[in-house]
Amino acid sequence: MKNFVNNLYSELLKLCYTKVCKIVTLLVIAAQSMLAYISAKQTLSVGLDAVPTETNQLAEPMPPLEYMGFDVVMFATIPMIVLGALFGASEFKLHSLRTSLLSFGSKRNLFVSKSLAVTIISFFISLISTTLTITITHFTFGDQGLKPLVFNATVWKFILFSTVSLTLLTVLSYAIAFLCRTAVVPLLFLIIQAYNVGNMLAEKFEVCKYLPVSLSNGLIPTSESVLSGMPMKNIICLLCWTLFFVSAGYILFRKIDLQGEY
């Protein structure tokens, strides 16, 4: 057990000190917080209870107070996908897999430690960035908003949904990259969906609602219409996608002979 904890700790340190982790963390915490402030100011200028008129050019009425700020959380989707993809492909790209195996002693220990480390890092980045974004939003609203960091049960539930959504999407991206030994595949598969292609397909084809990014978007409450009516269904389906690729990556990793290539 002590050896496993040490392995996990070393993997956490290795991933946290990578350049991509620092850049993505800066983007989804600092840059996203700035966007939250700007968005909240714009919302205040229109009015928290505004409805579409000829002057404000709103497409739909403002959502309830609990939903405000979560549209900015969507900003983190692509950076977190990139983070997972680069984490998954890093050992192969840097040709450091054999060195890591010598340190960890077995493929199982390496894979489990790395997967847990990716999950922990993505969870905390997602939780901190989402909580900070909603806090800044309501702090900017002043007396018209909810009390920062206290909020209410609904907002905290939405924060949890958003955190789980971003975490599972990151781990899925990592798992696909590890399976394919390259970051290109998850980036093509997931980022294309993130650029509204997933939503367009979901509107036309019922089965496309079960694509990963569509499931993830349904857990981030940007409005009442966007939030899934059955969020646990989205979580379970997204978890199935993740477990499938994690399992496939592990099985292939156990069977392949590295032959000095990596």
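This is a predicted model: local features need pLDDT of at least 70, side-chain atom pairs count only at pLDDT 80 or more; totals for chains, interfaces and linings use all residues.
**Getting to know the helices**

User: How many residues of α4 are buried?
Analyst: Helix α4 covers residues 77-93, 17 residues in total. The rest of the structure largely encloses this helix, because the buried count is 13 of the 17.

User: Where is the kink in α4 centred?
Analyst: From first C-alpha to last, α4 reaches 23 Å, close to the 24 Å expected at 1.5 Å a residue; that expected span is 1.5 Å times one less than the number of residues. There's still a bend, taken at a residue as the angle between axes fitted to the seven residues ending there and the seven starting there. The kink is about 30° and is centred on Phe-87.

User: Which residue just after α4 takes a positive phi?
Analyst: Look just past the end of α4. The phi there is about 55°, and the residue is His-95.

User: Phe-151 has a positive phi too, so what is its relative accessible area?
Analyst: Phe-151 isn't a glycine, yet its phi is about 50°. You'll find Phe-151 in the loop between α6 and α7 (153-180). The residue is buried, with a relative accessible area of 8%.

User: And Arg-181: what is its relative accessibility?
Analyst: Arg-181 is another non-glycine with a positive phi, about 60°. Arg-181 sits in the loop between α7 and α8 (184-204). Arg-181 counts as partly exposed, with a relative accessibility of 28%.

User: How do α6 and α10 run, roughly parallel or roughly antiparallel?
Analyst: Helix α6 is residues 107-141 and helix α10 is residues 231-255; their axes come within 10 Å and cross at roughly 155°. Axes are lines fitted to C-alpha atoms, for helices over the stretch in contact, and angles run from 0 to 180 degrees between N-to-C directions. Under 35 degrees counts as roughly parallel, over 145 as roughly antiparallel, 65 to 115 as roughly perpendicular and the rest as oblique. That makes α6 and α10 roughly antiparallel.

User: Is the crossing of α6 and α10 left-handed or right-handed?
Analyst: A crossing is left-handed if the near helix is turned anticlockwise from the far one by less than a right angle, and right-handed if clockwise. For α6 and α10, the crossing is right-handed.

User: What does Gly-249 touch, not counting residues up to four places away in sequence?
Analyst: Gly-249 lies in helix α10 and counts as buried at 3% relative accessibility. Ala-177 is 72 residues from Gly-249 in sequence, but their C-alpha atoms are 8.8 Å apart in space. With residues up to four places away not counted, Gly-249 touches Phe-111, Phe-178 and Leu-179.

User: How does α1 lie against α6, oblique or roughly parallel?
Analyst: Helix α1 (residues 2-16) packs on α6 at an angle of about 55°, with the axes 9 Å apart. Among the residues that meet are Phe-4 and Leu-8 in α1, and Leu-110 and Ser-113 in α6. The angle makes α1 oblique.

User: Last one: how far apart are the C-alpha atoms of Pro-61 and Ala-50?
Analyst: Pro-61 is in the loop between α2 (19-46) and α3 (70-73), and counts as partly exposed at 47% relative accessibility. Leaving aside neighbours within four places in sequence, Pro-61 is in contact with Ala-50, Val-51 and Pro-52. Pro-61 and Ala-50 are 11 residues apart along the chain, and their C-alpha atoms are separated by 6.0 Å.

Terms used:
Residues are numbered from 1 along each chain as its sequence is written. Side-chain values use heavy atoms; hydrogens and water are left out. Helices (H or I, at least four residues) and strands (E, at least two) are DSSP runs, numbered from the N terminus. Buried means under 20% relative accessible area, exposed over 50%, partly exposed in between (1.4 Å probe, protein chains only). Contact means heavy atoms within 4.5 Å.
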